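Q: Hi, I have a structure open here and would like to go through it slowly with you. Could you take my questions one by one?

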Amino acid sequence: MLYLGCHLSSSKGFAAMGRMALSIGANTFQFFTRNPRGGAAKEIVPADAAALVQMQDAGEIGRIVAHAPYTLNPCAKEEKTLEFARNTMKDDLRRMEYVPGNYYNFHPGSHVGQGMDEGIRKIAETLDVAMFDGQTTTVLLETMAGKGTEVGGRFCELRQIIDRVSRPDQLGVCLDTCHVNDAGYDIAGSLDAVLEEFDREIGLSRLRALHLNDSKNPSASHKDRHERLGEGYLGLEAFYRIIEHPALRGLPMILETPNELPGYEAEIALLREYDKAADANKL
Ligand code: FE
Ligand code: FE
Ligand code: ZN
């Protein structure tokens, strides 16, 4: 099954996002748990969450991805910033239990000069405070572009975080195609080699979601600027190979391209058309 979706505005609630996703040909989606710049979250309406769970149980919508606010830095230097990260993540994970069994994706953060090892240590510590026994949400570390002092630009950095947490079973990775390209992995030119490296460093069973983004910059640019599919350095063929790859099949694939809804709808249609043609050729 091909699960395609895009980032949606969460202002109208879970059921509205589910309907919005279906209306543009998507069967998964991503949303911010609160304002991307942080701040208080809206209280969850249990009936609204239940309506989405029902769509998931009916098989209309697959697993969805919640995204933590950008301002959350789980390896911050300042205690106040760290405290915000811990509290926000803890509260988000508690709220995610209204829609059990989904994903919560976050940026590992920036070590801001404390060094990679200290950054990794702090991220694992923040996760240990925020995660709880019996949680049904899988927390996803997003692969990053390696901009500035960002943690997570290399697969081995994510591996070290996973090795340090006390609840590794509830931890996975979300691979962002723009970010890994910008970090220096040739995902457009040698998908198999990148996935082999991912498997060696982290283990493919940890790969639980993808962000499908083209990049405005060449590989190893360490920039992180998303582009529409086919309009950047990765090119459409790269995304066709990704959606058809047996190791990636069944994962939620989320578009975070610079688009409004009609643009997302067109990208999803394009990928589904290709997939249909590929299926027909296999017969
Ligand atoms: Fe992200
Ligand atoms: Fe992303
Ligand atoms: Zn990005």
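Q: What spacing do the donors of the iron ion (ligand 1) follow along the chain?
A: In this predicted model, the donors of the iron ion (ligand 1) follow the spacing H-x39-H-x34-E along the chain. The residues behind that pattern are His67 and His107, each through NE2, and Glu142 through OE, and they coordinate the ion at 2.1 to 2.3 Å.

Q: Where do His67 and His107 lie?
A: His67 lies in strand β3, which covers residues 65-67, while His107 lies in the loop between β4 (103-106) and α4 (116-130), so the pair ties together parts that are 40 residues apart in sequence.

Q: And is His67 buried or exposed?
A: His67 is buried, and His107 is buried as well.

Q: How far apart are the iron ion (ligand 1) and the iron ion (ligand 2), and which residue coordinates both?
A: The iron ion (ligand 1) and the iron ion (ligand 2) are 3.3 Å apart, and the residue that coordinates both of them is Glu142.

Q: OK, now the zinc ion (ligand 3): which residues coordinate it?
A: The zinc ion (ligand 3) is coordinated by His179 (NE2), Asp224 (OD) and His226 (NE2), at 2.0 to 2.3 Å. Along the chain, the donors of the zinc ion (ligand 3) follow the spacing H-x44-D-x1-H, and the zinc ion (ligand 3) is 5.3 Å apart from the iron ion (ligand 1).

Q: Which parts does the pair of His179 and Asp224 tie together?
A: His179 lies in helix α6 (residues 177-183) and Asp224 in the loop between β8 (214-215) and β9 (226-227), so this pair ties together parts that are 45 residues apart in sequence.

Q: What is phi of Asp224?
A: Phi of Asp224 is near 65°, which is a positive value in a residue other than glycine. At 18% relative accessibility, Asp224 counts as buried, because the cut-off for buried is under 20%.

Q: Which other residue has a positive phi although it is not a glycine?
A: Val112 has a positive phi of about 40°, and Val112 lies in the loop between β4 and α4. With 43% relative accessibility, Val112 counts as partly exposed.

Q: Switching to helices, how do α8 and α9 cross?
A: The axes of helix α8 (residues 236-244) and helix α9 (residues 261-282) come within 10 Å and cross at roughly 60°, which makes α8 oblique to α9. The crossing of α8 and α9 is right-handed.

Q: Which residues of α8 and α9 meet there?
A: From α8 there are Leu236, Phe239, Tyr240, Ile243 and Glu244, and they meet Leu270, Leu271, Tyr274, Asp275, Ala278 and Lys282 of α9. By class, the contact of α8 with α9 has eight nonpolar, no polar and three charged residues.

Q: What about α5 and α7, at what angle do they cross?
A: Helix α5 (residues 155-164) and helix α7 (residues 191-201) have axes that come within 9 Å and cross at roughly 25°, which makes α5 roughly parallel to α7. In their contact, Phe155, Cys156 and Arg159 in α5 meet Val194, Glu197, Phe198 and Glu201 in α7, and these residues divide into four nonpolar, no polar and three charged.

Q: Then at what angle do α1 and α2 pack?
A: Helix α1 (residues 14-23) and helix α2 (residues 46-57) pack at an angle of about 35°, with their axes 7 Å apart. Among the residues that meet are Phe14, Ala15 and Leu22 in α1 and Ala49, Leu52 and Met55 in α2.

Q: What covers the buried residues of α1?
A: The cover includes β1 (3-8), β2 (30-32) and α2, and the buried residues of α1 are Phe14, Ala15, Ala16, Met17, Gly18 and Ala21. Just after α1, Gly25 takes a positive phi of about 85°.

Q: One last thing, where is Ala130 found?
A: Ala130 is found in helix α4, and Ala130 is buried, with a relative accessible area of 2%. Leaving aside its neighbours within four places in sequence, Ala130 is in contact with Arg86, Met89, Lys90 and Leu93.

Notes. Residues numbered from 1 in each chain as written. Chains lettered and ligands numbered in written order. Predicted model: local features only at pLDDT ≥ 70, side-chain atom pairs only at ≥ 80, totals over all residues. Heavy atoms only, no water. Donors = N, O, S within 2.8 Å, 3.2 Å for Na, K, Ca; no water. Helix = DSSP H or I, 4+ residues; strand = E, 2+ residues; numbered from the N terminus. Buried < 20%, exposed > 50% of the residue type's maximum accessible area, 1.4 Å probe, protein only. Axes fitted to C-alpha atoms, helices over the stretch in contact; angles between N-to-C directions. Parallel < 35°, antiparallel > 145°, perpendicular 65-115°, else oblique. Left-handed = near helix turned anticlockwise from the far one by under 90°. Contact = heavy atoms within 4.5 Å. Nonpolar A, V, L, I, M, F, W, Y, C, P; charged D, E, K, R; others polar.
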